[in-house]
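I opened this notebook to record what I looked up in one structure.

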Amino acid sequence: MLEVLETGPLATVQDLGRPGLADIGVGVSGAADRGSLRLANRLLGNDEGAAAIEVTFGGLAVRAGRDLTIAVTGAPCPVTVDGRGEGANAVLRVAAGEEVRLGAPPCGLRSYLAVRGGIDVEPVLGSRSTDVMAGIGPAALRVGDTLPVGPAPAAFPVVDLAPVAPPPEDLVLDVVPGPREDWFTGEALEVLLTSVYEVTTESNRVGMRLDGPALTRSRSDELPSEGMVAGALQVPPASKPTLFLADHPVTGGYPVIAVVTSADVDRAAQARPGQRVRFRRAQDRSAKR
Amino acid sequence: MRVLRCADSGLLVELDDLDAVQALYAALSSSLPEGVTDLVPAARTLLLRLDPTRADPAEVERAVRSTRPGRNPRRSGGLVRVPVVYDGEDLAEVAKLTGLSEREVVQEHTSSEWTVAFGGFAPGFGYLSGGSPKLEVPRRSESRTRVPVGSVGLAGEFSGIYPRESPGGWQLIGRTDLEIWRVDRDPPALLRPGVRVRFEEVG
């Protein structure tokens, strides 16, 4: 097990979420940067969807209750094990009683601390993820929590280290126009694709609020609420877009001008407040088939 | 039918009305096309969420277009009786808006059978349709920051029950003690699409 000594701004348990429950109003949730969670689990020989700790802007400290094998992925925060400096994206051994500390990452926002065997808290509706909007799943971590670790999987780690480029300073995200592009003026999409937006401090696991040029609507009537996907750029009447992340609402009532591709939603989840974001039209992969 | 792409993550199918949404939802839920993880029915649309590693949006779109609308799932999901104390803060306002007396509002609400059309506002919340057209009222002009759990409300053609305390803009006409959402129950939501609902006045 792991004992939580410090949490930083926000630390939650996350796996790949709870798909399949949208019709009763339950969103997918899960790791905001799913690719980083998967990588951490692959490094350890875990099932890709095993639960890990999602650490927002570092600041986590845990003590190992027994000898453990761990990996840290995502935002490249400095990692120490009982004061020894260790690397990210690497397989690390931690002896019983040793403390693992994650410092503030110099770039990126969310890091993943995974343990061989996975964090084994009780699943809720089939997942160990904390959905901060719906209030489903385990509470955010608090100092003094103890987290059980599951049995080690049969597979062994096959590499020690994964080469991972750090998140870029200037983030460029691929988008596909639609589904409600026609609710905006002809220029709105061009504005979105040629402007620089800034991530505001009003951003969390639900969504990322952006500041920048307004995206003007061509119709003022109300859109009946409709289903939403992660990556949707929803534009409320104030005309600044919100990019939906892991804990986004199942449905929404504002038009979506464009959707960030699934691969780039992970990169979006690493954007920090104050960072600049640009959007570019994704190559149409289906046309190449 | 209009099919709108949500990048590689979804297809938003726009339909004529709630009945068409229900019919397509019924047909697709019995056999999900490859790579579809979730169906999200709403008032005029059905969203198909895709697993981008498994789904080809063009293939899924073809599957949707060749799907024959299913039997309407209304009246297929069992009956839930909901005991209600009709003392909501907006009951007088609803009476004024509908031109009915408060007693008549209660009578209209309890005399017809409602059906869960879709969810989505919060875990366990069901948009109930099929009630008396006399009860159609707009949302409140100001949303409340705190609506107590169990509040029974009206908005547009729908009625609904708040599964937990949350902000909300519906016109509140009463409250129920029935636990419509409990995460440790199977299923956690009493009000799933297709379930029929009868409101009964108590107290």
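**Entry 1: the largest pocket.** I noted that β11(B) provides three residues, the largest share of the lining of the largest pocket. The model is a predicted one. I found that β18 (251-252) of chain A and β11 (166-168) of chain B each supply at least two residues of this lining. The pocket holds about 1,400 Å³ of space. Its lining has 45 residues, and Glu222(A), Ser225(A), Gly252(A), Gly253(A) and Arg139(B) are those nearest the centre. By class, I recorded 21 nonpolar, 13 polar and 11 charged residues.

**Entry 2: the second largest pocket.** I read a volume of about 1,000 Å³ for the second largest pocket. Its lining has 47 residues, with Arg34(A), Arg38(A), Ser262(A), Val265(A) and Asp266(A) nearest the centre. Which helix gives the most to this lining? I found that α3(A) does, with six residues. The lining divides into 21 nonpolar, 13 polar and 13 charged residues.

**Entry 3: aromatic rings.** My search of the whole structure gave 11 aromatic pairs over all chains.

**Entry 4: a charge over a ring.** I found Arg219(A) over the face of Trp183(A), 3.9 Å from the ring centre.

Methods. Residues are numbered from 1 along each chain as its sequence is written. Chains are lettered from A and ligands numbered from 1 in the order in which they are written. This is a predicted model: local features need pLDDT of at least 70, side-chain atom pairs count only at pLDDT 80 or more; totals for chains, interfaces and linings use all residues. Side-chain values use heavy atoms; hydrogens and water are left out. Rings of Phe, Tyr and Trp (its six-membered ring) pair if their centres lie within 6.5 Å; planes under 30 degrees apart count as stacked, over 60 as edge-to-face and the rest as tilted. A charge sits over a ring if NZ of Lys or CZ of Arg is within 6 Å of the ring centre and within 35 degrees of the ring normal. On a 1 Å grid over the protein atoms alone, a cavity is a set of points where a 1.4 Å probe fits but cannot get out, and a pocket is an open set with protein on both sides within 12 Å along at least five of seven lines; lining residues have an atom within 4 Å of a point. Grid points are joined across faces, edges and corners, and a volume is the space filled by probe spheres set on the points. Helices (H or I, at least four residues) and strands (E, at least two) are DSSP runs, numbered from the N terminus. Ala, Val, Leu, Ile, Met, Phe, Trp, Tyr, Cys and Pro count as nonpolar, Asp, Glu, Lys and Arg as charged, and the others, Gly among them, as polar.
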